[in-house]
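Subject: Structure for your reading

Dear colleague,

Please find the structure below, together with its sequence. I would ask you to look at it first and then to read the notes that follow.

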Amino acid sequence: MICAKLLLIVTDPEARRRVLATWREFVIRQPAEGRGAGPAAGEVDGPVAFSRLTVREGLDLAVFIADGGWRREYVCQVLAEEVDGWCLLIGDAPEDLAAGLGLLRLIVDTRPGLVAGTAPGSEDLLREVLQLPRLTPVPIVDCEDAESVTMVVCELLERLAAIPIPA
Amino acid sequence: MALRGTFEETEPADLLQILALGGKTGVLAVTHQGRASRLLFRGGDIIHAVDGARQGEEVVLSLLARRAGSFVFTPETVREERTIQRSVPALLLTAAQRMDDLTRANGLLRKPSARVHVREAAAGEPLEGLGEAERQLLGLIDGQRSVGEIVAAAQVGAAGAYAMLAGLIERGIVSVVGAEEEGSPLARASAAAAPVPPGPPVSARRPTAPELREVAAYLRQAVACPAEGGG
């Protein structure tokens with residue numbers, strides 16, 4: 001079985017709860033495929049939530065949702081090394097920006113990923129604080145909208161698909 | 001202007017991150033129960049730390065584990081020689097790893113089958129400050145004996161042995177061997193999910209570009225056309 005593994009790191013606790021609830025609701029709504037396989041979800045060690053979706057028999061998608069607290073940086077880094085790609089979702093509060101910058105420095109070299117925002121209108125702020133190139137696209141996610149959350153996951157998948165797998 | 005406060009209000013890790021991100025230069029003086037530590041910052045990096053006779057990274061790592069104490073950061077020119085080479089994020093990471101080990105160590109009482117080993121960095125090093133009982137306990141740690149076996153063989157009783165083990169782990173001398181048994185955070189997360197589809201929880205190989213695009217196409221279709229009869 002092949003499993004595409006993605007890590008979503010959400011710095012703002014409330015945004016994290018919303019993303020988690022939205023994503024889980026989306027997963028639960030999917031019909032079970034294959035041999036009885038279906039959506040599954042679990043909480044592990046507090047900082048990391050996990051959700052698994054069977055796309056078809058033999059192909060799964062696993063999404064890990066973690067927060068950005070400093071104690072979890074270790075967890076985020078370990079996870080970032082194991083997953084296929086990561087998405088860092090950052091709010092516009094100072095603690096979000098500090099956590100986002102710290103995490104970005106830790107995980108940017110581990111796997112490909114993208115930066116997104118959870119606060120409307122924060123694109124320029126995120127680019128400036130995180131020292132991203134001026135034209136870097138920074139999608140803003142509506143944490144309570146399944147389409148919005150799903151689209152950022154799709155964006156990440158497309159980016160990963162465009163990167164050759166090292167031999 | 002000096003920055004002052006207590007670790008009850010501001011956790012040590014948050015304080016160090018603030019000073020690092022701000023690129024501060026100066027001296028952070030920490031006092032707790034009559035003990036004083038000094039951390040020297042230059043351009044946001046901790047270049048030196050001293051606590052009595054102890055110096056270097058260990059002072060910073062001990063500080064990060066504290067839950068009480070007061071601090072004052074005073075901006076001033078720092079001319080001391082650099083003795084700490086690693087960045088603040090790297091030190092935070094090490095402290096988090098130790099905390100992770102300590103958390104797992106606290107669970108050892110309930111899991112005597114777990115194993116511990118002496119960290120490579122500590123193996124062969126002169127272990128200053130260890131008592132005779134701790135050295136004896138360390139001699140029992142060979143990476144093969146279980147925690148239950150080590151505790152049973154120790155001469156200091158179960159409670160004493162566990163306390164000493166926790167102390168050795170906290171100091172970074174000993175590490176819990178759990179990865180092989182319990183799996184990585186990813187594997188543990190997968191294992192905790194229920195019901196888990198048949199087959200291995202995670203794949204050995206990375207998905208190919210067509211597989212990733214297939215997943216993306218599935219998601220786009222699913223979100224555009226919600227499943228029939230779904231929740």
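A:Gln131 is exposed, because its relative accessible area is 60%, and the cut-off for exposed is over 50%. This residue is found in the loop of chain A between α4 (123–129) and α5 (146–162). Please keep in mind that the model is a predicted one. The backbone of A:Gln131 also deserves a look: its phi is near 55°, a positive value in a residue other than glycine. As background, most residues other than glycine have a negative phi.

Next, please turn to a charged residue in chain A. Is A:Asp96 buried or exposed? A:Asp96 is buried, yet it has no salt bridge. The nearest side chain of opposite charge is that of A:Arg17, 11 Å away, whereas a salt bridge would need a side-chain nitrogen of Lys or Arg within 4 Å of a carboxyl oxygen. A:Asp96 belongs to helix α3 of chain A, which covers residues 94–107. Leaving aside neighbours within four places in sequence, A:Asp96 has contacts with A:Thr11, A:Asp12, A:Ile90 and A:Gly91.

The aromatic rings come next. How many aromatic pairs does the structure hold over all chains? There are 3. One of them joins A:Trp23 and A:Phe26, with 5.3 Å from centre to centre and 35° between the planes, and this pair is tilted. A:Trp23 and A:Phe26 both sit in helix α1 of chain A (residues 13–28), 3 residues apart, which is about one turn of the helix. Both A:Trp23 and A:Phe26 are buried.

Another pair is formed in chain B by B:Phe41 and B:Phe73. The ring centres are 5.9 Å apart and the planes stand at 90°, so this pair is edge-to-face. B:Phe41 lies in strand β3 (residues 35–42) of chain B, while B:Phe73 lies in strand β6 (residues 70–75) of chain B, so the pair ties together parts that are 32 residues apart in sequence. B:Phe41 and B:Phe73 are buried as well.

Finally, a word on the cysteines. A disulfide is a covalent bond between the sulfur atoms of two cysteines. The count of disulfides over all chains comes to 0. A:Cys3 has a relative accessible area of 1%, so this residue is buried. A:Cys87 is likewise buried, with a relative accessible area of 1%.

Yours sincerely,
A colleague

Key
Residues numbered from 1 in each chain as written. Chains lettered and ligands numbered in written order. Predicted model: local features only at pLDDT ≥ 70, side-chain atom pairs only at ≥ 80, totals over all residues. Heavy atoms only, no water. Disulfide = S-S within 2.5 Å. Buried < 20%, exposed > 50% of the residue type's maximum accessible area, 1.4 Å probe, protein only. Helix = DSSP H or I, 4+ residues; strand = E, 2+ residues; numbered from the N terminus. Lys, Arg positive; Asp, Glu negative; His and termini not counted. Contact = heavy atoms within 4.5 Å. Phe/Tyr/Trp six-rings, centres within 6.5 Å; stacked < 30°, edge-to-face > 60°.
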